[in-house]
Amino acid sequence: MTELKCRKKYTLDGDKEERESQHEPDVQTKPVKTEEDEVTSGRNGAGKQQKDEGEVKEEDAQHKEEESKTPESPVKRSTRSSAGFLQRLVRVFFGCLAAVACGMLYAAYLSAYHDRKFWFSTRQELEREITFQGGSGLYYYYYKQMLTATPFHRGFYELMMDNRTVAGQTINAVVRLSLYPELITSFIYRFTGSEEFVEPIYFYIGAVFGLQAIYVSALFVCSWVMSGTWVAGMLAVAWYVINRPDTTKVDYAIPLRDNWALPYFSCQVAALTGFLTNNISSATELFCYLTMSATTFTFLLVWEHSHYVLFLQGLCLFFLDAFDLLPSRKMAEIHMVYVSALLLAFFSQFQNAALLSSPLVSLLIGTWVARNYQQKMKTGPFLSRVMKLFVYFHLVFTTGITFSYLVKKVVQGDESDFFLKFLEVKFGLNTTTDFITNFLLCQESFQVPAQDLFLRLTQASVLPFYLLVLTVCLLSTLQTIYRRLSGLPMKTNLKLEDGRIGEQPEVIYHVFHTLIFGGLALLFDGMKYLWTPYVCMFTAFGVCSPELWMTVFRWLKLKSIHPVVLSLILSTAVPTIIGFSLWREYCPRVLAELSEVQEFYDPDKVELISWIKSQVPAAAVFAGSPQLLGTVKLCSGATVTSLPLYTDIKLLRRTEDTYQVYAMRSAEDIYKILTSQKANYVIIEESICNELSVNKGCRIKDLLDISNGHVVYDKGEVYSFSKHGRFCQEIKMNYSPYTNYFTRVFWNRSYHVYKVNAVISFQY
């Protein structure tokens with residue numbers, strides 16, 4: 001009886017190859033499992049009788065003796081190895097070519113869609129800059145500043161000691177705003193002579209679109225590596241593009257930090273996937289390790305929230321190591337990547353204290369302490385290992401939490417408690433009247449995602465197949481965990497007929513990855529941009545993987561049809577049907593987006609910015625909403641009182657003070673607040689002052705009334721009451737005492753600008 005030989009690639013004429021293999025002199029005999037005996041006996045054909053063990057041993061000895069007498073020709077062996085290497089090289093070449101082509105087509109599509117949506121090529125420079133929505137244009141301002149800095153290093157020094165952004169403060173804008181993308185992009189633009197060929201704004205958005213191309217190419221490669229076929233990569237890219245509103249923010253806010261950072265994270269995940277794969281060559285492992293190191297450091301450098309994302313990734317790898325599903329050598333090397341990247345980022349960001357108190361550092365220290373204290377955790381019977389595992393978890397998290405607490409007490413003081421208070425209110429464990437906490441909870445990113453998200457994913461056929469793939473991989477992973485805790489070894493040379501997709505370390509990692517990020521996406525809508533792209537990639541891998549279908553057939557104990565052949569058929573037929581249906585339904589829609597005539601134009605904002613640039617002194621300081629101040633800073637360069645940043649508690653407190661113009665406060669109170677911030681002008685927006693919303697509790701004026709204690713509850717109804725009227729409405733009446741403190745200097749349908757009087761005029 002011969003062993004059924006199967007590798008990563010299979011052909012449909014496997015029966016013929018098996019019959020021919022019986023006459024080869026290098027037949028190997030080793031214990032085969034009962035289910036494999038059934039598969040092999042089914043393929044040997046009717047009428048053949050199996051040999052007993054004694055005959056098998058005699059025949060095997062005879063074959064070995066003949067093999068020793070007639071060795072294989074070195075020329076034949078060399079020819080076969082050369083042909084195999086050439087075949088692999090061709091596959092890799094065309095796979096990489098397909099990945100690059102998908103990325104370039106996506107970047108071209110983004111560029112065409114962006115130009116069509118905003119009529120970008122026909123706009124003036126001011127109108128182009130206003131299209132950067134949500135306050136994201138602030139980052140582009142520093143890019144423009146670095147283009148005009150002479151010399152370049154002097155501009156870099158001015159950003160480190162910036163006193164022209166926030167009134168009354170000197171900040172390190174490079175660290176506070178994570179401006180390394182703008183620094184690098186402006187440096188490349190200036191010193192490559194690109195100003196002779198392309199405008200600065202096109203070079204900037206072109207760099208972002210180029211990173212998005214790398215993003216989808218990395219998803220392509222990740223799905224390709226896991227499944228072994230390019231079809232999975234193409235299907236992942238197709239699903240990513242179709243679900244673009246839930247996978248990226250690049251459509252409406254190009255300069256945002258996550259648009260710069262997430263492509264590097266995608267490359268890091270792809271390199272990590274390759275690094276975790278069993279039976280890869282040393283050269284490939286080294287390449288994955290170096291790529292992972294470079295992208296991890298870059299990811300930490302360009303986004304202030306990156307260490308939280310890496311903490312979640314480190315948590316996935318921690319579970320992989322705790323359940324003994326990953327070689328200790330690889331886990332140690334991954335920890336080395338994290339430590340080196342954190343150290344480099346810490347010094348590159350001028351000793352950024354946030355990195356020292358990050359949960360990633362706490363996890364690394366807790367793991368290191370617990371591993372040295374409990375060195376024999378991965379030995380013993382099942383119950384013993386489970387008890388040791390609980391002790392190990394306790395040591396890791398206790399040590400990590402203690403270290404984090406001590407660092408935050410030393411470095412950050414009382415502000416470190418804000419995050420815990422925020423989580424308490426988010427999960428209903430506490431209530432608060434604090435404006436900042438309630439303001440953040442009302443942001444769309446921190447709210448529970450709407451049901452439309454899952455409806456869109458279902459319509460695109462992602463969610464049903466995702467649940468199928470996740471269920472199979474999760475159950476197989478749980479089986480593997482149970483076997484490892486029982487002391488059984490993991491197979492490193494898995495074959496298709498084994499049907500154990502949950503024994504592949506890269507698959508187990510992505511199961512933990514999608515579970516953790518998916519759980520957070522169910523709580524915070526902003527997490528969908530980290531979860532949905534990998535849902536597309538993971539689902540595409542699953543439906544294109546013969547190992548997944550073979551795992552299902554092993555559980556079902558399929559005998560009527562050969563499971564290997566059926567798994568190969570399904571891994572080709574299912575993605576083909578999905579791809580055809582997506583092409584038929586969504587391709588016309590995607591192309592229609594390029595042909596639709598869209599219009600984004602805000603004449604009132606253009607009028608406001610034009611007036612500021614022409615009529616207001618350059619040294620003037622403006623107060624207003626953070627999103628509007630970001631646009632004011634971008635287009636005019638004026639100093640502002642606050643910035644659209646939600647990670648800095650001090651800036652959020654200044655934002656709360658500025659928002660008091662929409663509260664029920666006296667003219668004298670508002671005047672004191674604005675003069676303390678050194679504001680010369682205050683901009684009042686009609687959209688905030690007269691905001692109409694179904695969710696009344698999240699309007700700015702409602703949050704201010706709750707914070708200021710101006711809310712009255714009467715018979716289940718909520719009323720706002722104060723002895724003063726709402727400032728933004730009363731000041732428009734143009735009567736005393738408002739005219740004593742403020743003078744209206746500009747107005748249109750959307751904005752009213754008032755000058756803060758330097759000398760109070762008592763007119764009645």
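Reader: What makes Cys544 count as buried or exposed?

Author: Cys544 has a relative accessible area of 3%, and buried means under 20%, exposed over 50% and partly exposed in between, with a 1.4 Å probe and protein chains only. So Cys544 is buried. Keep in mind that this is a predicted model, where local features need pLDDT of at least 70 and side-chain atom pairs count only at pLDDT 80 or more, while totals for chains, interfaces and linings use all residues. Residues are numbered from 1 along each chain as its sequence is written, and side-chain values use heavy atoms, leaving out hydrogens and water.

Reader: How do you know that Cys689 and Cys728 form a disulfide?

Author: Their sulfur atoms sit 2.1 Å apart, and a disulfide is a pair of cysteine sulfur atoms within 2.5 Å. The torsion about their S-S bond is about 80°, so this disulfide is right-handed. Cys689 is buried at 0%, and Cys728 is buried at 0% too.

Reader: What about Cys442 and Cys698?

Author: A disulfide joins them, S to S 2.0 Å. With -80° about the S-S bond, that link is left-handed. Cys698 has 24% relative accessibility, so Cys698 counts as partly exposed.

Reader: Why is H28 called oblique to H29?

Author: Helix H28 (residues 603–615) and helix H29 (residues 626–636) pack at an angle of about 50°. Under 35 degrees would be roughly parallel, over 145 roughly antiparallel, 65 to 115 roughly perpendicular, and the rest is oblique. That makes H28 oblique to H29.

Conventions. Axes fitted to C-alpha atoms, helices over the stretch in contact; angles between N-to-C directions. Helix = DSSP H or I, 4+ residues; strand = E, 2+ residues; numbered from the N terminus.
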